[in-house]
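Here are a few friendly notes to read alongside the model. Please keep the structure open and find each residue as you go.

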Amino acid sequence: MVPFGGLIALIGLLTLVFRDGDVLGVPAVGLGVGLLVIGVGVGALGVVRRRVVRRRKIARGEPVPVGNVIERAQALPRLLRDVRRGTYADLPKSRTFLWLLALVYLVSPIDIIPDLLPIIGVTDDAGVGVWLLTSVSTAAGLYLRKEREQQQPACTSAKNVSNSSRPVPPQRT
């Protein structure tokens, strides 16, 4: 929701700056301000929603994605390789098919809503693009979490091995 709100706000801002005439009978200033306000509202709602969902997931003990954008982008090739090999079963095969379908939709010249319609024609592409980016980012973040959890026991077991050679002091009762 946050990127989509940002996109709507950007369209509103660009309408304010570059559009002189009416857009479908609505003054450009009114449309620009309206889109800007809606975009900021949707973005703010997205931030609040993201925090609430994260708190609920943590409270329920569900895994939460980790890593920043760069770490997730670097993990994406490993994720796809492990999904293809079958060593990472947490991502359904249908999800990768949907990602491919979304990429084809974004690249293809055929749209559900034609791009010739002002503002509305771009929103279907924007919606698919936002879904694709958030879905890939979330999956990569969960994959990073699993990688880190698998590496963590190895580190703690190495600590335990090095600590096991030391004599254990007697406990006082």
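1. Let's start with a pair of charged side chains: Arg 145 and Glu 149 form a salt bridge, with 3.6 Å from N to O. The term salt bridge is used here for a side-chain nitrogen of Lys or Arg within 4 Å of a carboxyl oxygen of Asp or Glu. Both Arg 145 and Glu 149 sit in helix α5, 4 residues apart, which is about one turn of the helix. Helices (H or I, at least four residues) are DSSP runs, numbered from the N terminus.

2. A word on where this comes from. This is a predicted model, in which local features need pLDDT of at least 70 and side-chain atom pairs count only at pLDDT 80 or more, while totals for chains, interfaces and linings use all residues. Residues are numbered from 1 along each chain as its sequence is written, and side-chain values use heavy atoms, leaving out hydrogens and water.

3. Buried means under 20% relative accessible area, exposed means over 50%, and partly exposed is in between (1.4 Å probe, protein chains only).

4. How many salt bridges does a search of the whole structure find? The search finds 5. One of them joins Glu 71 and Arg 148, at 3.2 Å from N to O. This pair links distant parts of the chain, since Glu 71 is in helix α3 and Arg 148 is in helix α5, 77 residues apart. Glu 71 is partly exposed, at 30% relative accessibility, and Arg 148 is partly exposed, at 37%.

5. Arg 81 and Asp 82 also meet in a salt bridge, at 3.8 Å from N to O. Arg 81 is partly exposed, with 31% relative accessibility, whereas Asp 82 is buried, at 13%.

6. Now for the nonpolar side chains. The largest nonpolar core has 13 residues, and Leu 79, Tyr 88, Leu 91 and Trp 99 have the most contacts inside it. The elements giving two or more residues to this core are α3 (69-85), α4 (93-107) and α5 (120-164), and α5 gives the most, with 5 residues. A nonpolar core is a set of buried Ala, Val, Leu, Ile, Met, Phe, Trp, Tyr and Cys residues joined through side-chain atoms within 4.5 Å.

7. Finally, take a look at Tyr 88. Leaving aside neighbours within four places in sequence, Tyr 88 is in contact (heavy atoms within 4.5 Å) with residues including Leu 79, Asp 82, Ala 139 and Lys 146.
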